[in-house]
2 protein chains.
Amino acid sequence: MNTTNLTLISKNQQMREILNQISKVVDSDSSVLLIGETGVGKEIFAEYIHKISNRSLNAFVKIGLAAMPSELLASELFGHEKGSFTSAAGEKKGLFEIANGGSIFLDDIDDVPFEIQTKLLRVLESKEIMRIGGTNPIPVDVRLITASKVDLKELVSRGIFRADLFYRINVVPFQIPSLRERRDDIPPLIEHFLKMFQPNKKIEITNEAMKAFVNYPWPGNVRELKNVINRISLFVSGKINFDDLPFEVQNENPIEFLLKACNKCYVDGNMKFDQIVKCLEHNLLKEALKVSSGNQSNAAKNLGLSLSTFRDKLKKYNIV
Amino acid sequence: MNTTNLTLISKNQQMREILNQISKVVDSDSSVLLIGETGVGKEIFAEYIHKISNRSLNAFVKIGLAAMPSELLASELFGHEKGSFTSAAGEKKGLFEIANGGSIFLDDIDDVPFEIQTKLLRVLESKEIMRIGGTNPIPVDVRLITASKVDLKELVSRGIFRADLFYRINVVPFQIPSLRERRDDIPPLIEHFLKMFQPNKKIEITNEAMKAFVNYPWPGNVRELKNVINRISLFVSGKINFDDLPFEVQNENPIEFLLKACNKCYVDGNMKFDQIVKCLEHNLLKEALKVSSGNQSNAAKNLGLSLSTFRDKLKKYNIV
DNA sequence: AATCTTTCTACGGAATTCCGTAATCAAGTC
DNA sequence: GACTTGATTACGGAATTCCGTAGAAAGATT
């Protein structure tokens, strides 16, 4: 979990584009919202933004907001005066104060209880904090970087997240793609982690193993990949074979299945390109509709298609 | 093998188009070439053409030309005079003579040895035949219908088939699509064969079994389907279950694999439409290239794509 | 019942895909 | 070395796909 190693490994086009965008806004002090699944490396992005910004000489403070009792959270963020907090001895600086002049990174902002949201909003609007039990406001100057696993807009429309806070936070949003959306990054990442865990050993990877790595869906994204490489690097010596991979990478590999089936269709089934593709698309559309129990809008969204495109395809394939 | 039952079961668009074309040329007496895999029903088409033509009152004669010794073939086609053919007693009319005024159907024309090709050509050009051992030519008026499993043009360019005979034969060519290219015909065909083999019993089919029928590649086309239904109809009483299907239909079913893998990708792999399709296309292109050992033209042909399209895709996916 | 949200449907133009044509290249063949 | 044959490139326009927009319909919410 130690992310001191601040290296953003990525040759991927999408990622490069994001880094490019970041460099354009990095010195503007505007709040950045990082959106992406767990493990995509949102912390690393946050730290990266801090480091290349003109605040880099001041503090970078980070805190995960998930599953924290409301009171503790408030105390952490805003600090407290002597004796004001139960069983807390002396006074304590809050993270906002510590980050003064620098940046604060609030991870899992989507898990923040409503009540803290309100307090956060107050800080952002007034640019000053009030310690718990304190009386006079302390001005703070911090760059806010937040991270969310889900689309906050959704939470807003469901009433779980304050709209005004959302607008404060969402000044510069970045959608970090999941690892499976940028599989070309997998090989360089593996290489990087191998070097990181075993700087001395020279470890290679068989084609078969690499193929499995590339095709595995990585629900835990880069974090999961890192853990897997860590584990493997402990016992493998010269070469990583397919058999060395964790069970799930070996077996829960939908793409491997797909590609094998695809070849079967071509070689055994004597099917043409169009037949195979159409067959697959047809099935996929139907499956998506089934999963969304008939809701076209959702099916389209899940497939990553615009509703129009989705419907065009439904028509093309004569699906209900 | 008895094809007396002259029913062309097909709701398929491509097939209807062919039937449509046939009706336009049926009375023109021009030679028809039927091209298609074994079992697609070329004999039925031939008989159909004869029956709806203005020659229907005269004879329809058919003969399979595959694997026939040259001499026997000649005797069959052209007949022979008394004692001229080894151990053949009396004189014998050839099929061309018998078909006089009607139609003759030569199946598997692609298997005809070169020497007979020459004789055939002579008949077609002169419109008269010479019995073996005979001296005076007998004028014949027949409509020629031929069938081939492969593209005769290929055989011509390989020097195996006479170009001039090809042009005589190929006046009106029809490409009959394989069963797997018109899967919508499978259910009505099954129904038809069931009625045919068990006119009394009312046999139903479970969805699962029907799905397997539809997705099986049917390398033997309609003939294979007919045989399978025949076999099944012998022991099944009320309903055809998945378990009743022959081994190959149950297991050698590339499409079933593909669809399952596809769903896995969507549900477990969390993949988007584009990702799945692209992944599949990429793989398919590479596989086709591998199978054709790098020959792009062949790979394209096997995939049923134009070379240009194939190359566009190669570029799109950055393949070599 | 009135309003707000969500989903469905239809349309038109931008972007991409598809494929015929033709030029170029690479090997045989004579 | 000229010729033939088959494969690889390159190009441009027809056909299709893709998606934003915006109005209609169907549910929700009050």
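How many bridges join strand β1 (residues 32-35) of chain B to β9(B), and which way do the two strands run? I started my notebook there, keeping in mind that this is a predicted model.

**Entry 1: β1 and β9.** I found 4 bridges between β1(B) and β9(B), and the strands run parallel. I then looked up Val32(B) and saw that its bridge partner in β9(B) is Val172(B).

**Entry 2: the whole sheet.** Next I traced the strand order in chain B and got β2-β5-β8-β1-β9, an open sheet of 5 strands with parallel pairing. β2 and β9 (172-175) of chain B each have a single partner strand, so they stand at the edges and one side of each lacks a neighbour in the sheet. From one strand to the next, I noted a twist that averages 15°.

Entry 3: I moved on to β2(B), residues 60-64, which 5 bridges join in parallel to β5(B), residues 103-107. Here Gly64(B) has Asp107(B) as its bridge partner. I also checked the faces of β2(B): Val61(B) and Ile63(B) form the covered one, while Phe60(B), Lys62(B) and Gly64(B) form the uncovered one.

**Entry 4: a helix pair.** Lastly I looked at α13(B), residues 273-291, and α14(B), residues 296-303, whose axes come within 8 Å and cross at roughly 120°. That angle makes α13(B) oblique to α14(B). The crossing is right-handed. Among the contact residues I listed Leu284(B) and Leu285(B) of α13(B), and Ala299(B) and Leu303(B) of α14(B). By class, this contact has 6 nonpolar residues, 1 polar and no charged ones.

Methods
Residues are numbered from 1 along each chain as its sequence is written. Chains are lettered from A and ligands numbered from 1 in the order in which they are written. This is a predicted model: local features need pLDDT of at least 70, side-chain atom pairs count only at pLDDT 80 or more; totals for chains, interfaces and linings use all residues. Side-chain values use heavy atoms; hydrogens and water are left out. Axes are lines fitted to C-alpha atoms, for helices over the stretch in contact, and angles run from 0 to 180 degrees between N-to-C directions. Angles under 35 degrees count as roughly parallel, over 145 as roughly antiparallel, 65 to 115 as roughly perpendicular and the rest as oblique. A crossing is left-handed if the near helix is turned anticlockwise from the far one by less than a right angle, and right-handed if clockwise. Contact means heavy atoms within 4.5 Å. Ala, Val, Leu, Ile, Met, Phe, Trp, Tyr, Cys and Pro count as nonpolar, Asp, Glu, Lys and Arg as charged, and the others, Gly among them, as polar. Buried means under 20% relative accessible area, exposed over 50%, partly exposed in between (1.4 Å probe, protein chains only). Two strands pair if DSSP finds at least two bridges between them.
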